Amino acid sequence: MSRNLTVVVLAGALEALVGMSACTTTTVQTASIRAVPVRVAEAVQKTMPIELTAIGSADAYSTVSIKAQVNAVLETVHIKEGQLVKKGDLLFTLDARPFEAALAQTQAQLARDKAQEDLNNVELERYQQLFQQGVGSKEQYDQANANANAQRAAVHADEAAVQSAQLQVDYCKIYAPLAGRTGALQVYPGNIVKQNDVPILIVINQVSPIYIDFSIPEQYLGSVDRFMSQGKLRVEATPYGDTHSETGTLSFIDNAVDNATGTIKLKGTFDNEDHRLWPGQFSTVLLRLAQDENATVVPSESVQTGQNGDFIYVVKSDSTVEQRAVKVARTIGGDAIIASGIHPGETVVTDGQLELLPGVKVQVSTTTGS
């Protein structure tokens with residue numbers, strides 16, 4: 001009985017192994033003939049811009065710190081903080097009474113000296129006639145001439161003093177030297193301000209036009225310089241959190257490369273008429289150099305990265321895929337510009353790459369799945 005039981009057990013085990021082997025073979029065969037669903041796109045040739053992307057920050061076209069040019073009491077503030085002002089707008093009025101008094105004094109001195117000048121000129125003319133007639137002495141004529149010249153110089157000095165006093169009075173009204181936006185007010189009415197001293201009264205930033213400062217890697221310097229010599233280069237700036245860009249032109253290339261970062265500083269000028277760009281604000285900057293009329297373009301999602309670099313799965317005529325090494329020149333939006341490895345008209349896989357291996361058969365589908 002024991003021997004017969006052993007034979008029965010061995011026979012059962014053998015039958016089970018044969019069944020498992022059959023199941024395994026069926027699964028492998030099924031997998032080998034299953035087509036992987038993928039999405040595809042065709043590589044095309046079209047005109048694409050040659051452009052560089054960087055992060056930049058806005059900088060005021062010019063900045064003016066308004067200071068008093070005389071020592072006086074701040075009498076009136078004619079603007080509000082953060083206000084847009086035009087060139088020539090009245091900003092501040094200082095107490096001009098002490099300077100007006102000094103002006104009146106110099107004007108009186110000028111009037112007195114002019115009267116004396118007139119008298120000296122009359123005496124000079126009289127002594128000149130007497131001297132010519134032989135009645136007056138040469139000494140009297142010379143003295144009268146010297147007095148007239150001295151008084152004439154005194155009048156010129158008085159006229160300069162009047163102009164200086166008038167200038168002090170004019171300094172009591174402070175006007176905007178340029179159009180721009182005012183900052184925070186530093187001094188309020190009733191305070192004494194000093195000539196060219198701190199605190200300053202207010203800062204005005206000219207924001208229209210405005211600069212955008214940004215940097216690019218030094219290897220692009222030659223290309224930028226070459227294209228700039230051919231004409232104006234377009235610069236687009238999109239403020240963070242916004243989707244609409246502002247357009248300007250490249251206006252400045254720095255004269256030295258930053259050794260610490262290996263970059264060079266550039267500057268674009270923007271009209272900024274709607275004041276969307278603010279000093280200190282960060283923006284995404286796009287520098288457009290030229291147009292590449294014969295670029296080979298594929299969707300950027302078709303490009304995969306492996307141990308040996310970038311590659312793309314290409315669908316061949318027999319519906320199998322080939323893994324093709326490619327060199328990506330640059331990416332613009334959702335398009336990848338291929339420098340080598342793909343030719344226009346070839347079909348590339350854009351979705352479903354995770355299940356692919358070279359030689360695997362694929363089926364073009366609008367959906368993906370295992």
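This is a predicted model: local features need pLDDT of at least 70, side-chain atom pairs count only at pLDDT 80 or more; totals for chains, interfaces and linings use all residues.

Colleague: Is E236 buried or exposed?

Modeller: E236 is found in strand 10, which covers residues 234-239. Its relative accessible area is 15%, and the cut-off for a buried residue is under 20%. By that criterion, E236 is buried.

Colleague: Which residues is E236 in contact with, leaving aside its neighbours within four places in sequence, and how many Å apart are E236 and V285, C-alpha to C-alpha?

Modeller: The contacts of E236, with neighbours within four places in sequence left aside, include S245, E246 and T247, as well as F270. T284, V285, L286 and R288 are also in contact with E236. As for V285, it is 49 residues from E236 in sequence, while the C-alpha to C-alpha distance in space is 5.6 Å.

Colleague: What is the bridge partner of R234 in strand 11?

Modeller: Strand 10 is joined to strand 11, residues 246-258, by four bridges, and the two run antiparallel. They form a hairpin with six residues between them, and in its turn G241 has a positive phi of about 85°. Within strand 11, the bridge partner of R234 is T249.

Colleague: Strand 11 also has bridges to strand 12; which residue in the turn of that hairpin has a positive phi?

Modeller: Seven bridges join strand 11 to strand 12, residues 263-270, and the pair runs antiparallel. One of the bridge pairs is V257 with I264 in strand 12. The hairpin formed by strand 11 and strand 12 has four residues between the strands, and the turn residue with a positive phi, of about 70°, is G262.

**Strand 13 and the surface**

Colleague: Is T296 buried or exposed, and what is its relative accessible area?

Modeller: T296 has its place in strand 13. Its contacts, leaving aside neighbours within four places in sequence, include A43 and V44, and also A336, I337, I338, I342, H343 and P344. T296 is buried, as its relative accessible area is 10%.

Colleague: Which strands are the edge strands of the open sheet of four strands?

Modeller: The order of this open sheet is 6-5-3-8, with antiparallel pairing. Each edge strand pairs on one side only, and these are strand 6 (173-175) and strand 8 (192-193).

Colleague: Which residue stands opposite V73 in strand 8?

Modeller: Strand 3, residues 72-77, is joined to strand 8 by two bridges, and the two run antiparallel. The residue in strand 8 that stands opposite V73 is I192.

Colleague: How many Å separate Q363 and P37, C-alpha to C-alpha?

Modeller: Q363 is found in strand 20, residues 362-364, and is partly exposed at a relative accessible area of 46%. Leaving aside neighbours within four places in sequence, Q363 is in contact with A35, V36, P37 and V38. Although Q363 and P37 are 326 residues apart in sequence, their C-alpha atoms are separated by 4.7 Å.

Colleague: Which backbone oxygen does the side chain of Q151 reach?

Modeller: Q151 lies in helix 3, residues 138-170, and counts as buried at 12% relative accessibility. Leaving aside neighbours within four places in sequence, Q151 is in contact with D113, Q116, E117 and N120. At a distance of 3.0 Å, the side chain of Q151 reaches the backbone oxygen of D113.

**The chain as a whole**

Colleague: What percentage of the contacts between residues at least 6 apart in sequence join residues at least 24 apart?

Modeller: The protein chain has four helices and 20 strands, and 32% of its 370 residues count as buried. It exposes about 22000 Å², of which carbon and sulfur atoms supply 52%. For the contacts between residues at least 6 apart in sequence, the share that joins residues at least 24 apart is 75%.

Key
Residues are numbered from 1 along each chain as its sequence is written. Side-chain values use heavy atoms; hydrogens and water are left out. Buried means under 20% relative accessible area, exposed over 50%, partly exposed in between (1.4 Å probe, protein chains only). Contact means heavy atoms within 4.5 Å. Accessible areas come from the Shrake-Rupley method with a 1.4 Å probe; for residues, only the protein chains shown count as cover. Two strands pair if DSSP finds at least two bridges between them. A polar contact is a pair of N or O atoms within 3.5 Å; within protein, one must be able to donate a hydrogen and the other to accept it, and residues adjacent in sequence count only if both atoms are side-chain atoms.
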